[in-house]
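Please read the following report beside the sequence and the 3D view. It goes through the strands, the helices, the ligand shell and the domains in turn.

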Amino acid sequence: VSRPEASADDSYLAIRRLTKRFGTFTALDDISLTIRRGEFVCFLGPSGCGKTTLLRAIAGLEPQDEGTIVQDGRDISALPPSRRDFGIVFQSYALFPNMTVLANVGYGLAAQGKSRAFVENRARELLSLVGLADQWWKYPAQLSGGQQQRVALARALAISPGLLLLDEPLSALDALVRVHLRAEIKALQRRLGITTVMVTHDQEEALSIADRIVVMNRGRIEQVGTPDAVYRRPESLFVAGFVGRMNSLPGTVVDSSTVAIGAVRLAAEAAARFPSGAAVQVCIRPEDVQLDRPGLAGTRLAATVRGLEYLGSITRIPLEAAGLPLTAELPDTALRSLAPEPGGSLTVVLSPDRVLLFPRPGEA
Ligand code: ATP
């Protein structure tokens with residue numbers, strides 16, 4: 001089903017020119033962002049970039065200094081958290097230790113004065129939604145970390161909020177549980193159609209779960225886009241380097257189709273966007289350092305294998321390619337016939353459309 005472009009009434013959460021300062025430090029610097037109804041959005045960025053502050057501002061837990069927030073047509077900018085419409089899950093599970101799982105999940109509804117029977121029914125419904133129907137009688141300490149976080153999720157959803165806010169909900173869990181639970185959260189979000197914002201510093205997590213990713217850096221938005229757009233078409237050197245692995249080397253634009261890294265010349269479509277002589281950073285994804293094969297267009301470089309890092313379905317291979325340090329990531333299938341060894345030689349191909357160029361910092 002093709003989806004029309006976002007229209008005005010598609011907007012569920014509209015953040016306009018939001019600024020937040022802590023003393024003289026600007027944690028959020030003129031942030032504007034629109035989130036669509038039913039969308040799963042991740043705030044992604046390094047530690048201290050402001051993603052948690054932005055989530056807390058949406059919740060009313062961190063009042064902004066400037067700017068407005070409109071949720072579902074209602075200006076909530078000045079409302080306290082209790083009068084906003086969201087459920088929230090924190091990194092630390094934050095369950096009430098002296099209450100059963102059932103009472104934890106029903107807490108918000110009980111606080112709203114709902115009848116005991118209603119609260120219990122709804123809590124059981126939510127617990128089965130997160131796969132914990134048979135654990136209702138336990139106390140939080142009797143559950144694993146992953147189970148506790150599912151209880152926290154059920155608790156956040158029990159009040160049927162219009163917006164689900166997730167503040168690094170998976171980062172305290174071990175790797176396997178994390179990957180499993182994130183798939184569950186995604187499936188649940190789809191099923192409920194609830195507009196969701198999740199903070200994470202884990203780019204793989206953001207790429208796998210989000211409809212759109214908001215990449216943040218130093219209190220500002222660097223790029224907003226689908227996982228594919230952010231990964232394949234990064235709009236800044238920061239995004240290129242932060243999301244996914246990247247070979248990154250300083251170079252100079254030669255002409256509209258060529259960039260030079262030292263004495264090495266590469267065909268690069270992106271060169272057309274720069275004047276000759278421009279100082280650029282040349283970025284190439286490891287999976288775009290391809291093994292030579294007939295019919296593959298691009299710049300061919302003779303390379304020496306410097307090491308082999310076996311990672312299961314792919315192998316990471318640090319190379320010296322025409323004197324340049326380049327890392328390739330090759331799938332099993334590509335290596336079957338080749339079996340490279342440290343010290344061995346091979347030829348790599350860099351396709352002109354896979355060579356990304358950015359203005360070099362400080363020289364743009
Ligand atoms: P992390 O992943 O480490 O949580 P983050 O991107 O979520 O990082 P924030 O928690 O939003 O970052 O913090 C953004 C900046 O604002 C940081 O430099 C932080 O030190 C600062 N900051 C956050 N809360 C406060 C506060 N209450 N008082 C002073 N400074 C704060």
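Strand β3 (residues 40–44) and strand β8 (residues 195–200) run parallel and are joined by five bridges. Within this pair, Cys42 has Met198 of β8 as its bridge partner. Two strands are said to pair if DSSP finds at least two bridges between them. Strands themselves are DSSP runs of E with at least two residues, and helices are runs of H or I with at least four residues, both numbered from the N terminus. Strands of a sheet pair through backbone hydrogen bonds, either parallel or antiparallel.

This is a predicted model, in which local features need pLDDT of at least 70 and side-chain atom pairs count only at pLDDT 80 or more, while totals for chains, interfaces and linings use all residues. Residues are numbered from 1 along each chain as its sequence is written.

**The sheets**

β3 and β8 belong to an open sheet of six strands with mixed pairing, in the order β6-β7-β8-β3-β9-β10. Its edge strands are β6 (86–89) and β10 (220–225), each of which pairs on one side only. Neighbouring strands of this sheet are turned by 15° against each other on average, direction ignored. For such angles, axes are lines fitted to C-alpha atoms, for helices over the stretch in contact, and the angles run from 0 to 180 degrees between N-to-C directions.

Another open sheet has five strands in the order β13-β12-β11-β14-β21, and its pairing is antiparallel. β13 (264–267) and β21 (356–359) stand at the edges with a single partner strand each, so one side of each is left without a neighbour in the sheet. On average, neighbouring strands of this sheet are turned by 40° against each other, direction ignored. In this sheet, Asn247 stands opposite Ile284 in β14.

β1 and β2 form a hairpin with two residues between them, and Gly23 in the turn has a positive phi of about 60°. Lys20 stands opposite Leu28 in β2, and Arg16 has Thr68 in β4 as its bridge partner.

| Strand | Partner | Bridges |
|---|---|---|
| β1 (residues 11–22) | β2 (residues 25–36) | eight |
| β1 | β4 (residues 66–71) | five |
| β11 (residues 247–255) | β14 (residues 279–284) | six |

**The helices**

How many of the nine residues of α1 are buried? Eight of them are, so that α1 is mostly covered; a residue counts as buried if 20 or more other C-beta atoms, placed from the backbone, lie within 10 Å of its own. The buried residues are Lys51, Thr52, Thr53, Leu54, Leu55, Arg56, Ala57 and Ile58. Gly60, with a positive phi near 85°, follows α1.

In helix α2 (residues 101–111), the buried residues are Val101, Leu102, Asn104, Val105, Gly106, Gly108 and Leu109. Their cover includes α3 (116–129) and α4 (145–158). After α2 comes Gly113, whose phi is positive and near 85°. Helix α4 also lies across β6 and β7 (163–167), and runs at about 170° to β6.

**The ligand shell**

Which residues surround the ligand? They are Phe22, Ala27, Gly45, Ser47, Gly48, Cys49, Gly50, Lys51, Thr52, Thr53 and His201, where a residue is near a molecule if its C-beta atom, placed from the backbone, lies within 6 Å of it. Helix α1 (residues 51–59) gives the largest share of this shell, three residues. By class, the shell has three nonpolar, seven polar and one charged residue. Here Ala, Val, Leu, Ile, Met, Phe, Trp, Tyr, Cys and Pro count as nonpolar, Asp, Glu, Lys and Arg as charged, and the others, Gly among them, as polar.

**The whole protein**

The protein has nine helices and 21 strands. Of its 364 residues, 36% count as buried. The C-alpha trace spans about 75 × 45 × 45 Å along its principal axes.

Two residues are in contact if their C-beta atoms, placed from the backbone, lie within 7 Å. Among contacts between residues at least 6 apart in sequence, 64% join residues at least 24 apart.

The protein is divided into domain 1 (8–241) and domain 2 (245–359), with bounds that come from an automatic or database domain assignment. Their C-alpha centres lie 38 Å apart. The contact takes five residues from domain 1 and six residues from domain 2. On the side of domain 1 that touches domain 2, three residues are nonpolar, two are polar and none is charged.

How values were computed
Buried ≥ 20, exposed ≤ 12 C-beta atoms within 10 Å, placed from the backbone.
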